[in-house]
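Here is a short walk through one protein model. Keep the sequence and the 3D view side by side as you read.

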Amino acid sequence: MKKRNRRAFSPEFKLEAVRLVVESGRPLSQVARELDLRPEQLRRWKQQLQAAGQVARPVSTLSLEDENRRLKRELEVTRMERDFAKKAAAFFAKDLRGGTR
């Protein structure tokens, strides 16, 4: 079995990788995949740098009004999906009752 060589990463690379996760708002696993890293490795770097105070924790930039608008839209979509599922279930239930005779 072939042994993999360990890659060495500079402190600057680690800092930039963690900043990319914190500032972009994208999932850590996606950023890790893009940088060809294991998510656990990037997660560990993030914890270490945040503990050292080198990277700020993400701050929500949305105001309360923006957040409220976003949640109302999300609720409206969820209600529409729920209503559609109810109608579909009723349609198929009616179809099953009538078609078995």
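**An exposed residue, then the helices around it**

D36 is exposed, with a relative accessible area of 53%. Exposed means over 50% relative accessible area, buried means under 20%, and partly exposed lies in between (1.4 Å probe, protein chains only). D36 sits in the loop between α2 and α3. Its phi is positive, about 60°, although D36 is not a glycine.

This is a predicted model: local features need pLDDT of at least 70, side-chain atom pairs count only at pLDDT 80 or more, and totals for chains, interfaces and linings use all residues. Residues are numbered from 1 along each chain as its sequence is written, and side-chain values use heavy atoms, with hydrogens and water left out.

Now take the whole protein. Its secondary structure comes to four helices and zero strands. Along the sequence the pattern reads α-α-α-α. Helices (H or I, at least four residues) and strands (E, at least two) are DSSP runs, numbered from the N terminus. Of the 101 residues, 15% count as buried. The protein exposes about 9,100 Å², and carbon and sulfur atoms supply 54% of that area. Accessible areas come from the Shrake-Rupley method with a 1.4 Å probe; for residues, only the protein chains shown count as cover.

Start with α1. This helix has 14 residues and reaches 20 Å from its first C-alpha to its last, close to the 20 Å expected at 1.5 Å a residue. The expected span is 1.5 Å times one less than the number of residues. Which residues of α1 are buried? They are L15, A17, V18, V21 and V22. Seen down the axis of α1, these buried residues fall within an arc of 165°, so they line one face of the helix. The arc is that of the directions from the helix axis to the C-beta atoms. An α-helix has 3.6 residues a turn, so residues three or four places apart point the same way. On the other side of α1, E12 and E23 are exposed. The buried residues of α1 pack against α2 and α3. After α1 comes G25, with a positive phi near 80°.

Helix α3 covers residues 39-51. Its 13 residues reach 18 Å from first C-alpha to last, close to the 18 Å expected at 1.5 Å a residue. Q41, L42, W45, L49 and Q50 are buried in α3. Down the axis of α3, the buried residues fall within an arc of 160°, so they line one face. Q47 and A51, on the other side of α3, are exposed. The buried residues of α3 pack against α1 (11-24) and α2 (28-34). G53 follows α3, and its phi is positive, near 80°.

How do two of these helices meet? The axes of α1 and α3 are 9 Å apart, and the helices pack at an angle of about 95°. That makes α1 roughly perpendicular to α3, a label for angles of 65 to 115 degrees. Axes are lines fitted to C-alpha atoms, for helices over the stretch in contact, and angles run from 0 to 180 degrees between N-to-C directions. On the α1 side, F13, K14, L15, A17, V18, V21 and V22 meet L42, W45, K46, L49 and Q50 of α3.

Finish with K46, in helix α3. K46 is partly exposed, with a relative accessible area of 22%. Leaving aside its neighbours within four places in sequence, K46 is in contact (heavy atoms within 4.5 Å) with V18, V21, V22 and L28.

Methods: Parallel < 35°, antiparallel > 145°, perpendicular 65-115°, else oblique.
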